[in-house]
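Reader: I am new to this structure. Please show it to me, then let me ask about the terms.

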Amino acid sequence: MMASIQPRKVPYFLTGPGVIFFAALLGAPMVMTLLLSLHSYDFNTGIQPDWTLANYVEVLGDSYFQKIFGRTFGLALLVTVICVLIGVPEAYVLSRLSSRWRSVFLLVVLGPLLISVVVRTLGWALFFGGNGVLTMTAQALGFGDEPVSLMFTFTGMTIALVHVLVPFMVISVWASLQKIDPQSEDAGLSLGASKMTVLRRITLPQAMPGILSGSIIVFALTASAFATPAIIGGRRMKVVATAAYDEYLSTLNWPLGATIAILLLLANIGIIVSYNKLIERRFAKVFE
Amino acid sequence: MSFLIFETLNKKFGDFVAVRDMSLSVERGEFISLLGPSGCGKTTTLQMVAGLLPPTSGRIVLDGKDITKTPPNQRGLGIVFQSYALFPHMTATDNVAFGLEMRGVGKAERTDRARGALDQVKLGQFVDRYPKDMSGGQRQRVALARALVIEPPVLLLDEPLSNLDAKLREEMRIELRLLQQDIGVTTILVTHDQEEALSMSDRIVVMQQGDVAQIAAPLDLYERPTNTFVSDFVGKTNLIQGQITGDNEVNVDGTRVSVDTLAHTHGSSVTLSIRPEKFQMSDDPSGHEVRVEAAIFLGASWLYRVKGSMGDLFVTQPNTGSAGYAKGDVAWLGWPEGALTLFKGAQ
Ligand SMILES: Nc1ncnc2c1ncn2[C@@H]1O[C@H](COP(=O)(O)OP(=O)(O)OP(=O)(O)O)[C@@H](O)[C@H]1O
Ligand SMILES: [Mg+2]
């Protein structure tokens, strides 16, 4: 006979394994990182058993790190804006295709997600490199013999990240376009609006929740992206994630790396939560 | 010339014919209903008038002008969609004002007129609500106000009352009809609810699988249907199979029924149609003898299912305050002259 469990406790038992799993795999490393960031580091004796905020003071006060943080969030903002500009029209066109073409193109749009980010980024590296496709094309078109390289540049990172992240924007916008009642567009037409006006005044505003949540996803993923900036940006064009990595593995200053990681987390949470608040205030009235 | 004319309108989706040879002339100010079962092509017809679907062939003429190829945003018709299709990101006022804005009406004036239109549909206190915070009936009225405020030459309504509860629906029928007569706007209503069509329209177009089955005024349609589809779909009816066996005589399973057979040939199979409320049911042993198989009390009337030599019949009798017949009772049915309608062929 099975031991009977009080019905009231069932939810706890059911969610228990998941909670333990997350606590162990997500919570524990995070707490350990936080604790690590509160120790100081000595190049001769390693991590000290003291408690201090010195690492935070160092990162926040150092113009080197300030620049990296500035670059990271600048990059995140730029990638987000470009993803909106590319992803929204893409999702709109997709939603207008006949159902057969739609499934084909949906696969084309989402297919890249099936390939590892590292592999896709290495593809861009081949393309951007000093003797890559870009250089050969430029030379063939007669733009001189100088190699054109986007490796280790901000532009190169932006392009590669947009390519990696635009599917998330498309999916998100697509989902909200799907929810629009097509008759509301017909209603706009019948009331005398032109097709452009219908798009601007009726379709786009209804797709706004999708655009905004897509932006959050892209922004957060860019700000904490590692693989693409590591390959395209390298040591010369560091972002926060690669800087933290270098502190851990090159300088071996784990506490400083942990501090950078924690600051990135806090900044990301801060930006996303306040953005979300803004959206909720604006749209809670309108959409359920 | 009529105000709105459909000339042999056809609409095909691939090989499937959704509307076949629809011709209709609508007078200015007339209230027309398109009535038919689900999938018979009502919405398709309405969308062709609205300009949202191009007809495969045929013409639509409005006030003397051929509008068959005019895009929807230049037709200026008022449409209430099956799903209301309100703009969820706009308040009731902004929804209603949208059409005026597209016509270049200034902000102050269009807000005024939008509020006026919302008052007219009794939504004066909901002007700043968003659609999601309104009930189905309120949304429906916003949609109506939005269609009316542009003062359209023709109002197109696609099952505007179908999402409302029974009581509200009846109230809205009357309100809508009064409003329509008040402003005198030519109206086409799509519905699959025969009561709605009967109670609101000047004329009803009954559709069956893309074909027009009959066009008639409500009373004519009810009293003089021209085919069994209409007699069965509009109101309840009993359809009885028989054979013409003599002048003014039809044989139904051995029972002789006398009816005007002038238009039909001797010996042919026919279908008799008689409405349940045309029967007179009594204890007086004359007429058609039946046994009551089921009795249902409907408040204003009784509905009986009875069995006799003509087969199963439905009978309704008004409630006169005394107890009706009960299951197992024997009764006799009579009917006035002209209550039976004769259709060619077996059903
Ligand atoms: N775009 C389309 N492609 C193919 N067939 C269609 C299309 N639109 C409608 N039909 C078909 O045309 C027929 C008529 O459709 P319509 O929407 O006019 O029906 P309806 O009379 O309005 O029905 P309901 O009362 O259910 O709204 C249906 O059988 C439907 O399946
Ligand atoms: Mg319909």
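Author: Here is how the terms apply to the two chains.
This is a predicted model, with local features needing pLDDT of at least 70, side-chain atom pairs counted only at pLDDT 80 or more, and totals for chains, interfaces and linings using all residues. Residues are numbered from 1 along each chain as its sequence is written, chains are lettered from A and ligands numbered from 1 in the order in which they are written, and side-chain values use heavy atoms, without hydrogens and water.

Reader: Why is Cys83(A) called buried?
Author: Buried means under 20% relative accessible area; over 50% is exposed, and in between is partly exposed (1.4 Å probe, protein chains only). Cys83(A) has 0% relative accessibility, so Cys83(A) counts as buried.

Reader: And what makes Cys40(B) buried?
Author: The value for Cys40(B) is 2%, therefore Cys40(B) is buried too.

Reader: How do you know that Arg201(A) forms a salt bridge with Glu101(B)?
Author: A salt bridge needs a side-chain nitrogen of Lys or Arg within 4 Å of a carboxyl oxygen of Asp or Glu. In this pair, the closest N and O atoms are 2.8 Å apart, so the pair meets the definition. The count between chain A and chain B is one salt bridge.

Reader: What area do chain A and chain B bury between them?
Author: About 2100 Å², 63% of it on carbon and sulfur atoms. Buried area is the accessible area (1.4 Å probe) that two parts lose on being put together, summed over both. In chain A, Gln183(A), Leu191(A) and Arg201(A) lose the most area to chain B, together 31% of what that side buries.
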